[in-house]
Structure formats: C-alpha cells, structure tokens
Amino acid sequence: MIELPLRDPCDLCEGMAGREERWAIIDEGEFTLTVINPWQFEIGQCCVITRRHVATLLELSRQECAAVMVAAKRVAEALVRAYQPLGILTFQNNGVYSGQETPHFHFHVVPRQPGSDWGIGPPQLATFDGAGRRRGTPHDSSGDAQRRERVRACASQLVETAALIRSNLPE
Ligand SMILES: [Zn+2]
C-alpha cells in the first residue's frame with residue numbers, strides 16, 4: 001500500500017489556480033503544465049505536473065503518461081539551450097517512502113551542474129561526482145532545514161528563471 005503525503009489544500013492545485021505565485025508556469029499542454037520548482041537545488045529545475053489532481057504514476061491515463069513525457073522532453077531541450085548543463089536528470093516519486101512530498105503527480109526535470117548540493121534529494125543525486133559530496137557519504141539530515149532555506153528562490157527569481165526557460169522552448 002503506497003502511503004501518500006498529506007497536503008491540504010494541494011499546493012500544485014493552488015498554483016494552477018493562480019493562488020500560489022511561486023509556481024511560475026513555463027509551458028502548458030492539454031493534460032500538463034510545466035512549472036518552475038520553488039526549490040532550486042539546480043538553477044532551472046522544473047516539474048511537469050498533471051492538470052488533473054492525481055497523486056501517482058499509477059493513476060495516470062495513457063494520454064497523461066504520453067503528455068508528461070512530451071512535455072518533459074520539450075523543457076529538457078529548453079534547459080539544454082538555456083544552461084548548457086552537464087546532464088539532464090528526470091525523476092518522479094510515488095509515496096512518502098520514495099520521497100514524495102506533495103500528493104499531486106509531478107515529474108522532475110533537472111539540469112545538472114557541478115557544485116550543486118542535493119543533500120535532501122534522492123540518494124543517487126547526493127553521490128553525483130563534483131556535486132560537493134564524496135561518493136558513499138551518508139546524508140546528514142541535521143542541515144536539511146538550512147539547506148531547504150538556501151535553495152528556496154524568491155518569486156521574482158522564479159519568474160525570471162521561468163521566462164528564460166520559456167524563451168528557449170522548441171517551436
Ligand atoms: Zn493537486
């Protein structure tokens with residue numbers, strides 16, 4: 001049984017309704033929106049979210065599955081143009097035991113750069129060579145609150161970042 005995180009109201013639904021300015025919109029499709037992630041562990045990291053409030057991959061329709069991947073590829077192309085990253089990482093969490101924090105489907109698309117600090121991200125990220133932690137070092141969660149504070153971008157920065165990515169989207 002997959003345990004879902006609790007968040008009421010849902011911050012992504014609030015963002016789509018325009019009640020949460022930090023979720024600046026980059027791209028829109030029939031089934032998805034691409035938004036900037038308010039926590040910028042990497043500059044430009046964003047999420048493809050479903051318009052429908054569903055929690056996990058398991059609840060997506062076939063059309064939504066396809067739309068998510070199409071939107072992810074579009075924004076990945078924009079991120080490559082905008083930031084010339086070392087790599088593009090995509091990931092998606094289902095349930096609290098996989099690190100899901102918001103009960104609304106979101107697919108992360110992240111431009112990887114050297115020197116980034118992903119201490120509270122998925123474990124594979126924390127061991128990224130050159131990201132500031134030695135491979136195999138266990139995560140010390142005592143600094144998570146400060147880390148989260150440090151990577152939280154202000155609304156104006158998010159709007160600016162979203163605009164840059166948007167201007168690099170393919171036709
Ligand atoms: Zn929602």
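Trainee: Is Cys10 buried or exposed?

Mentor: Keep in mind that this is a predicted model. Cys10 has a relative accessible area of 8%, and the cut-off for buried is under 20%, so Cys10 counts as buried.

Trainee: And what about His53, buried or partly exposed?

Mentor: Partly exposed, as the relative accessible area of His53 is 42%.

Trainee: OK, which residues coordinate the zinc ion?

Mentor: Cys10 and Cys13 through SG, plus His53 and His104 through ND1, at 2.0 to 2.3 Å. In sequence, those donor residues follow the spacing C-x2-C-x39-H-x50-H. Cys10 and His53 link distant parts of the chain, 43 residues apart. Cys10 is in the segment before helix 1 (11–16), and His53 is in the loop between strand 3 and helix 2.

Trainee: What arrangement do the four donor atoms make?

Mentor: Tetrahedral, because the angles they subtend around the zinc ion are 106 to 118°.

Trainee: Switching to the sheet: what's the strand order?

Mentor: The order is 1-2-3-5-4, in an open sheet of five strands with antiparallel pairing. Strand 1 (25–28) and strand 4 (87–91) are at the edges with a single partner strand each, so one side of each has no neighbour in the sheet. From one strand to the next, the twist averages 20°.

Trainee: How many bridges pair strand 4 and strand 5?

Mentor: Five, in the antiparallel sense. Gly87, for instance, has Arg112 in strand 5 as its bridge partner.

Trainee: Which strands does helix 5 lie across?

Mentor: Helix 5 (residues 155–167) lies across strand 1 and strand 2, at about 40° to strand 1.

Conventions. Residues numbered from 1 in each chain as written. Predicted model: local features only at pLDDT ≥ 70, side-chain atom pairs only at ≥ 80, totals over all residues. Heavy atoms only, no water. Pairing = 2+ DSSP bridges. Helix = DSSP H or I, 4+ residues; strand = E, 2+ residues; numbered from the N terminus. Axes fitted to C-alpha atoms, helices over the stretch in contact; angles between N-to-C directions. Contact = heavy atoms within 4.5 Å. Donors = N, O, S within 2.8 Å, 3.2 Å for Na, K, Ca; no water. Tetrahedral: all angles 85-135°; square planar, octahedral: opposite > 155°, others 65-115°. Buried < 20%, exposed > 50% of the residue type's maximum accessible area, 1.4 Å probe, protein only.
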